[in-house]
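Colleague: I'd like to learn how to read a model like this one. Could you walk me through it, feature by feature?

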Amino acid sequence: MQVLYFAWVRERIGVPREEVETSAATVADLVEELSAREERYAVAFADRAALRVAVDQTLTDFDASLDGAREVAFFPPMTGG
Amino acid sequence: MRIVVQDAPFDLGEEAGRFAQADAGVGAVVTFTGIVRNTAAGDLKAMEIEHYPGMTEAALTEIAERAQTRWSLSDVLVIHRHGHLTPGEMIMMVATAAPHRADAFAAAEYLMDYLKSRAPFWKREITADGAAWVDAKDEDEAALDRW
C-alpha cells in the first residue's frame, strides 16, 4: 500500500510517500512494524498523541482496520485557516 | 458550493462580489478572510503551507456539506491557498450566503472551526532563526465542542 507522510513526520522519515509491503491488520500494527524496521520510523512515531492518521484520505484512528486500504497517511495535528 | 485549493493569490473583492450576486434568494452574505500574521517579534519572512492533495478537497467539501445540512444556506465558498506566502498575504477565505444573517454567521464560524483542525493543511513559519512547524492549539480542538 502507499504510505504518505506530511509536515514534520515527512521530514523525520525522509520521504513524502513510499510503497510498503505489509500484512498489518490495523494502523497501530503498521506503526509497530515500521518502527521495528528502522530508527527513523521509531523516532517519527514515538509520540502517538502528536500524530493523526488518514486511511484512504479519511481521518481515522490507530485502531482502524487496513483491510482493503490503498493509502495510509501520517501527519501532525492540522493547522489550516 | 465551490471549494478551491490553489497556490495562486485570489482577489477577495472580486470573489465576494461574484458570490453575493449568484443567487436571487440571498438576503445575507458573511465572509471571513485569513491573513498571514507576522510574529510578535515582527521577524516572519514567509509562511509555507503544505497540504494533502485529494484529501484536502474531500475534507473541505464534507465540512461544507455538513454546514449546508445544518443551516439554511444558499451557497458556500471556500478558497484556501498553499505554498509560499509572505506576511500580509491572504491565506484563505470562506463565504456563506443565506436568506437570513444568523445562518450565514453561524455557518461561517462552523466552517472556520472545522477547517482549522480537520482539513489537512500544515503551516510552517520561516524566520531569521530558521523554519518551524506551527503547533496546533488546544483551543482550536476545543472549539469543535460547541457544535
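**Reading the contacts of Glu50(B)**

Modeller: Let's start with one residue and its surroundings. Setting aside its neighbours within four places in sequence, Glu50(B) is in contact with Tyr5(A), Phe6(A), Ala7(A) and Arg10(A) from chain A, along with Pro120(B), Phe121(B), Trp122(B) and Trp133(B). Keep in mind that this is a predicted model.

Colleague: Where does Glu50(B) sit in chain B?

Modeller: Glu50(B) belongs to strand β3 of chain B.

Colleague: And is Glu50(B) buried or exposed?

Modeller: For that, look at relative accessible area, where buried means under 20%. Glu50(B) has 17% relative accessibility, so it counts as buried.

Colleague: What does the side chain of Glu50(B) do with Arg10(A)?

Modeller: Here you check for a Lys or Arg side-chain nitrogen within 4 Å of a carboxyl oxygen of Asp or Glu. Glu50(B) and Arg10(A) form a salt bridge through their side chains, at 2.5 Å from N to O. The Glu50(B) side chain also has a polar atom 3.0 Å from the backbone nitrogen of Ala7(A).

Colleague: How many salt bridges are there across the interface of chain B and chain A?

Modeller: Two, by the rule used here. Polar contacts between chain B and chain A come to 13 residue pairs, with both partners at pLDDT 80 or more.

Colleague: What about the size of the whole thing?

Modeller: Interface size is often quoted as the accessible area lost when the parts come together. Between chain B and chain A the buried area is about 1800 Å², and carbon and sulfur atoms give 58% of that.

Colleague: Let's move on to helices. Which residues of α1 in chain B are buried?

Modeller: In α1(B), residues 12–21, the buried ones are Glu15(B), Ala16(B) and Phe19(B). In α1(B) they fall within an arc of 95°, so they line one face of the helix.

Colleague: What covers the buried residues of α1(B), and what does the face turned away carry?

Modeller: The cover includes β1 (2–6), β2 (28–35), β4 (75–81) and β6 of chain B. On the face turned away from the buried side you'll find the exposed residues Gly13(B) and Gln21(B).

Colleague: Which residue caps the N-terminal end of α1(B)?

Modeller: Asp11(B) does, with a side-chain oxygen 3.1 Å from the backbone nitrogen of Gly13(B).

Colleague: Last one: backbone angles. Which residue other than glycine has a positive phi near 50°?

Modeller: That's Asp56(A), in the loop between β3 (52–55) and β4 (58–60) of chain A. Gln57(A) also has a positive phi, about 70°, although it isn't a glycine, and its place is in the loop between β3 and β4 of chain A.

Colleague: How exposed are Asp56(A) and Gln57(A)?

Modeller: Asp56(A) is partly exposed, at 25% relative accessible area. Gln57(A) is partly exposed too, at 27%.

Terms used: Residues are numbered from 1 along each chain as its sequence is written. Chains are lettered from A and ligands numbered from 1 in the order in which they are written. Side-chain values use heavy atoms; hydrogens and water are left out. Buried area is the accessible area (1.4 Å probe) that two parts lose on being put together, summed over both. A polar contact is a pair of N or O atoms within 3.5 Å; within protein, one must be able to donate a hydrogen and the other to accept it, and residues adjacent in sequence count only if both atoms are side-chain atoms. Helices (H or I, at least four residues) and strands (E, at least two) are DSSP runs, numbered from the N terminus. Buried means under 20% relative accessible area, exposed over 50%, partly exposed in between (1.4 Å probe, protein chains only). Contact means heavy atoms within 4.5 Å. The arc is that of the directions from the helix axis to the C-beta atoms.
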